[in-house]
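Trainee: Can we go through the labels on this model? I want each one set against its cut-off.

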Amino acid sequence: MTALLEKYPNEIQAIMAKYPANKAGKRSAVMPLLYLAQHEYGYVTKEAIVQIAEICEISTTDVASMIGFYTLYHDQPSGTYQIQVCTDLPCALRGAEEFLQKLCENLGIKVGEVTSDGKVKVEAVMCLAGCDKAPLFQVEGPDGLEYHENQTVESALEVINKLKQG
Amino acid sequence: MTEYILLRHRDIAGIEQIETYRNNGGFTALQKAITSMDPDDVTNEVKASGLRGRGGAGFPTGLKWSFIDGHNWPHYVIANADESEPGTFKDREILEGNPYQFLEGVAICAYAVKANNAYIYLRGEFWPIAKKLDQCIAEMEAAGLLGDKLFGRDISIRLHTHLGAGAYICGEESALLDSLEGKLGQPRLRPPFPPAVGVYSKPTIVNNVETLSNVPFIIDRGAAWFKGIGTEKSPGPKIFSLSGCVNRPGNYELPLGTTFRELIMDHGRGIIEGHKIKAIMAAGASSALIMANDEALNTPMDYESLQKLGAQLGSASVIVIDETFDIPWVINKTVHFFQHESCGKCTPCREGTYWMMHLTERINSGEASMEDVELLHDVASQIKGKCLCALGEFSIEAPLSGIERFKADFEARTAKTNA
């Protein structure tokens with residue numbers, strides 16, 4: 001029995017029950033299982049890839065390719081909170097690019113860089129479906145994703161300072 | 001409109017609670033369908049209503065349901081909640097504010113096409129919404145509204161949420177099917193279409209969240225009532241996501257056929273700082289750029305009228321651009337988006353968006369000449385009609401229309417190099 005199965009038998013059973021009880025259905029569980037592993041270990045470890053492949057009855061290459069394709073899966077520990085500011089057209093029309101620049105200036109970094117204490121990375125991302133509440137960003141961290149909308153540089157710095165202390 | 005049909009949480013506080021929803025007529029349509037209508041009657045009623053898909057394509061919903069292959073089982077229903085188009089934020093409000101109406105719509109669709117299982121595919125960032133929907137589904141099961149033996153009949157319907165993980169392409173229905181099967185989200189060659197061969201190679205109906213949220217009202221009040229809203233060919237209410245340079249961005253539920261002027265100037269309270277409106281994108285980043293002259297502003301927003309402006313209504317995500325922005329910058333933004341989100345499966349989109357991005361980047365930085373603008377037009381034209389899915393095709397809408405309709409902006413941006 002794999003470590004994930006041992007620790008989360010009920011969760012994994014509930015995931016598998018969503019899909020048909022055949023080979024094709026088992027493969028459908030790969031995305032929810034990747035989330036489960038990422039939540040458990042902070043990122044998808046090599047061991048987790050092997051375990052998920054076993055549960056879904058697919059190759060480890062198939063599992064690893066999912067991590068490469070989908071941007072919300074990570075196979076490296078980041079150890080940081082990622083502040084992801086949407087700078088797509090509707091947000092950019094409402095000042096998101098200037099917001100991102102000023103936020104980074106205040107933190108003493110460039111877009112895409114990590115703060116000197118290694119705790120926070122600030123980057124630009126694609127549409128977050130909150131165009132009427134720009135500027136907005138999501139925080140991707142160990143506890144999942146969190147939206148912060150209608151932001152100013154000041155309010156964003158407040159959020160970031162809390163993350164740094166936490 | 002006098003009452004909200006889709007954004008009912010704005011009229012009725014607490015409608016995201018099952019009891020409040022039920023006390024306000026909730027689930028009567030599901031009960032009516034299962035206890036007094038044959039599945040085909042339900043499909044025919046939706047067909048008669050003229051409801052068209054709200055995800056972008058505008059395909060007649062009832063017609064799609066009628067295409068389900070009755071010789072291949074089991075059937076599946078999928079609700080597309082992978083809302084990721086820049087400028088679109090309507091499904092999120094429905095899911096957060098009025099979740100039971102949406103779920104009731106999914107269940108009615110499942111009954112109509114004889115599916116026992118339906119999946120709700122949400123973009124990964126919507127995980128808190130998925131969590132809430134799981135609770136709503138559990139409450140509906142506890143209340144006997146989902147599960148087995150519904151309303152004393154031998155009908156089983158189960159709903160399941162499934163989270164994507166950050167890929168715009170999965171909003172494209174055939175890519176969504178592959179993603180749900182645990183594969184890379186890349187589009188399939190069609191035909192066959194999902195009602196014949198869908199998820200797990202079984203007949204599948206894929207509908208947008210907003211489309212399905214209309215269904216309970218259509219069953220409850222009838223097709224004739226629904227046709228009384230909107231225009232003859234584009235009936236019903238529509239949520240317009242208004243964003244960009246307006247004073248009051250947000251979702252506006254209005255009858256199809258409302259003019260741009262009413263949406264932007266009345267509901268959106270006009271342009272920020274009193275600037276002049278320059279361009280409109282009606283279908284998010286996938287739009288052609290419309291010159292915002294009087295003719296355009298007076299155009300009714302429905303599926304037919306937009307074509308006369310050389311544009312599409314799509315998901316009705318209206319991005320407003322004012323005179324302080326120039327078009328080379330705008331298309332540089334949209335092309336970057338498509339280049340980033342191209343799934344890489346077909347060459348015209350993968351390579352085409354890459355080369356377009358280099359050109360728009362150079363044009364926008366003022367380092368290009370009009371020859372480069374012509375080259376961009378040429379590259380975009382070569383992508384046209386050659387992509388595996390609509391998303392590749394959409395990537396050229398803004399560049400082509402931008403160059404053709406706002407030539408002066410490009411001449412200004414390239415003036416230094418041309419001289």
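Predicted model: local features only at pLDDT ≥ 70, side-chain atom pairs only at ≥ 80, totals over all residues.

Trainee: Why is the pair B:Lys90 and B:Glu210 called a salt bridge?

Mentor: The rule asks for a side-chain nitrogen of Lys or Arg within 4 Å of a carboxyl oxygen of Asp or Glu. Here the closest N and O atoms are 3.0 Å apart, so the pair qualifies. B:Lys90 also bridges to B:Asp91, at 2.8 Å. B:Lys90, B:Asp91, B:Glu210 and B:Lys238 are linked in a network.

Trainee: Why is B:Glu210 called buried?

Mentor: Buried means under 20% relative accessible area, exposed over 50%, partly exposed in between (1.4 Å probe, protein chains only). B:Glu210 has 0%, so B:Glu210 is buried. B:Lys90 is buried at 1%, and B:Asp91 at 3%.

Trainee: What makes A:Lys121 partly exposed?

Mentor: Its relative accessible area is 25%, so A:Lys121 falls in the in-between range. Its salt-bridge partner A:Glu123 is buried at 16%.

Trainee: What makes the lining of the largest cavity mostly nonpolar or mostly charged?

Mentor: The residues divide into eleven nonpolar, three polar and two charged. Nonpolar covers Ala, Val, Leu, Ile, Met, Phe, Trp, Tyr, Cys and Pro; charged covers Asp, Glu, Lys and Arg; the others, Gly among them, are polar. So the lining is mostly nonpolar.

Notes:
Residues numbered from 1 in each chain as written. Chains lettered and ligands numbered in written order. Heavy atoms only, no water.
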